[in-house]
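Here is a friendly walk through one protein chain. Please keep the sequence and the 3D view side by side as you read.

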Amino acid sequence: VTKGKPSGRTQEIQRLIGRSLRSVIDLRKLSEHQIKIDCDVIQADGGTRTASITGAWVALYEAINFLLKSGKITENPIFDQVSAISCGIWNNQEIIDLDYDEDSSAETDGNFVLTASQGIVEIQTTAEEKPFNKKQFLGLLELAENGTNDIFQIQRRALNLE
């Protein structure tokens, strides 16, 4: 029980979301403005961290758009998109977007935070039962790249950018 303050897990997730968003924005262009984004995942079958990062970028874009339209800032500080997806090895097979059952019994579990310009923000990958090898890791990275490319399109559609 944390009584009035976030748990260690919550703080770790908050820091991950913050790092992810800061990686695609020029904070100097925000001047004195500060943006707070609250990420409540209402429904998820696993992947709450990745859903939070992906949705937070959309919220950030909307907040920046508001500041631009209201004249509070004159230049868009966002220079890239960011999203995240889970990948893992389950039943000896590389899979993407693990659901709760897959995540809880995966041999390897990972979260990949990537940018639309093919940058890597963060990769958190853990072997649960036995070590994974470089070939498997590269397979997971390729799955993540393909998955986040799809997510980038969905983000753009949600913002009417396509």
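Which helix does Val 58 lie in? Val 58 belongs to helix 2. Please bear in mind that this is a predicted model.

## The chain as a whole

Let us begin with the overall picture. The protein chain has four helices and four strands, arranged along the sequence as α-α-β-β-α-β-β-α. Its radius of gyration is 17 Å, close to the 15 Å that the globule rule gives for 162 residues, so the chain is as compact as a globular protein of that length. Along the principal axes, a box of roughly 55 × 45 × 25 Å holds the C-alpha atoms of the protein chain.

How much of the chain is buried? Of the 162 residues, 36% are buried. If we take contacts between residues at least 6 apart in sequence, 63% of them join residues at least 24 apart.

## Surface and charge

The protein chain exposes about 9,900 Å², and 46% of that area comes from carbon and sulfur atoms. As for charge, there are 17 positive and 24 negative side chains. The centres of these two sets lie 9 Å apart.

## Helix 2 and its surroundings

Helix 2 covers residues 48-69, which makes 22 residues. From its first C-alpha to its last, helix 2 reaches 31 Å, close to the 32 Å expected at 1.5 Å a residue. Its buried residues include Ile 53, Ala 56, Trp 57, Leu 60, Tyr 61, Ile 64 and Leu 67. In an α-helix there are 3.6 residues a turn, so residues three or four places apart point the same way. Thr 50, Ser 52 and Thr 54 are also among the buried residues of helix 2.

What covers these buried residues? The cover includes helix 1 (8-22), strand 1 (82-90), strand 3 (108-115) and helix 4 (134-158). Just after helix 2 comes Gly 71, with a positive phi of about 80°.

Now back to Val 58 in helix 2. Leaving aside residues up to four places away in sequence, Val 58 touches Gln 155 and Leu 159. Between Val 58 and Gln 93 there are 35 residues in sequence and 32 Å in space, taken from C-alpha to C-alpha.

## Helix 4

Helix 4 has 25 residues and spans 35 Å between its first and last C-alpha, close to the 36 Å expected at 1.5 Å a residue. Which of its residues are buried? Among them are Leu 140, Leu 141, Ala 144, Ile 151 and Phe 152, together with the glycines Gly 139 and Gly 147. Gln 136, Thr 148 and Gln 155 are buried in helix 4 too, and Gln 155 is a residue that Val 58 touches.

Helix 2 is part of the cover over the buried residues of helix 4. That cover also includes strand 1, strand 2, strand 3 and strand 4 (120-127).

## Two loop residues with positive phi

Two loop residues are worth a look in the viewer. Ser 31 is a residue other than glycine, yet its phi is positive, near 60°. Ser 31 sits in the loop between helix 1 and helix 2. Is Ser 31 buried or exposed? Its relative accessibility is 52%, and exposed means over 50%, so Ser 31 counts as exposed.

Asn 92, also a residue other than glycine, has a positive phi near 65°. Asn 92 is found in the loop between strand 1 and strand 2 (93-96). With a relative accessible area of 54%, Asn 92 is exposed.

Conventions:
Residues are numbered from 1 along each chain as its sequence is written. This is a predicted model: local features need pLDDT of at least 70, side-chain atom pairs count only at pLDDT 80 or more; totals for chains, interfaces and linings use all residues. Side-chain values use heavy atoms; hydrogens and water are left out. The radius of gyration is taken over C-alpha atoms; the globule rule is 2.2 Å times the number of residues to the power 0.38. Buried means under 20% relative accessible area, exposed over 50%, partly exposed in between (1.4 Å probe, protein chains only). Contact means heavy atoms within 4.5 Å. Accessible areas come from the Shrake-Rupley method with a 1.4 Å probe; for residues, only the protein chains shown count as cover. Lys and Arg count as positive and Asp and Glu as negative; His and the chain ends are not counted. The place of a charge is taken as NZ of Lys, CZ of Arg, CG of Asp or CD of Glu. The expected span of a helix is 1.5 Å times one less than its number of residues.
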